[in-house]
Amino acid sequence: MGDQPCVMSIGSINADLQVRSDGWPERSETRLAHDFLYASGGKAANVAYLAAKLGLPAILVGRVGSDSFADMALDRKSVV
């Protein structure tokens with residue numbers, strides 16, 4: 001990276017799990033969900049990803065847990 005400034009992002013790396021519904025539920029209402037979505041995320045990971053997309057050198061320093069989502073959180077193919 002030489003003398004060029006670089007973005008260093010320090011913080012969380014996690015797996016985001018989302019579902020969609022056709023509207024917000026009312027109080028005590030149950031709604032069916034659809035369109036399950038999984039993506040890598042976390043504030044620090046998102047900052048480093050955006051910096052790299054903008055063409056800036058980026059370093060991500062973070063930590064992931066040891067649960068079943070750790071490998072998914074680090075999988076580059078799951079970035080949206």
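This is a predicted model: local features need pLDDT of at least 70, side-chain atom pairs count only at pLDDT 80 or more; totals for chains, interfaces and linings use all residues.
Residues are numbered from 1 along each chain as its sequence is written, and side-chain values use heavy atoms, leaving out hydrogens and water.

Me: Why is Ser9 called buried?
Reply: Buried means under 20% relative accessible area (exposed is over 50%, partly exposed in between; 1.4 Å probe, protein chains only). Ser9 comes out at 7%, so buried is the word.

Me: And what makes Phe36 exposed?
Reply: Its relative accessible area is 59%, so with the cut-off at over 50%, it counts as exposed. Phe36 sits in strand β3.

Me: How do you know that the side chain of Ser9 reaches the backbone oxygen of Ala44?
Reply: The distance is 2.8 Å. A polar contact is a pair of N or O atoms within 3.5 Å, one able to donate a hydrogen and the other to accept it within protein; residues adjacent in sequence count only if both atoms are side-chain atoms. So 2.8 Å falls inside the limit.

Me: What puts the buried residues of α1 on the same side?
Reply: Those are Ala44, Ala45, Ala48 and Ala51. They cover an arc of only 130 degrees around the axis, which puts them on the same side of α1; the arc is that of the directions from the helix axis to the C-beta atoms.

Me: What covers them?
Reply: The cover includes β1 (7-12), β3 (34-41) and β4 (58-63), with contact meaning heavy atoms within 4.5 Å. Helices (H or I, at least four residues) and strands (E, at least two) are DSSP runs, numbered from the N terminus.
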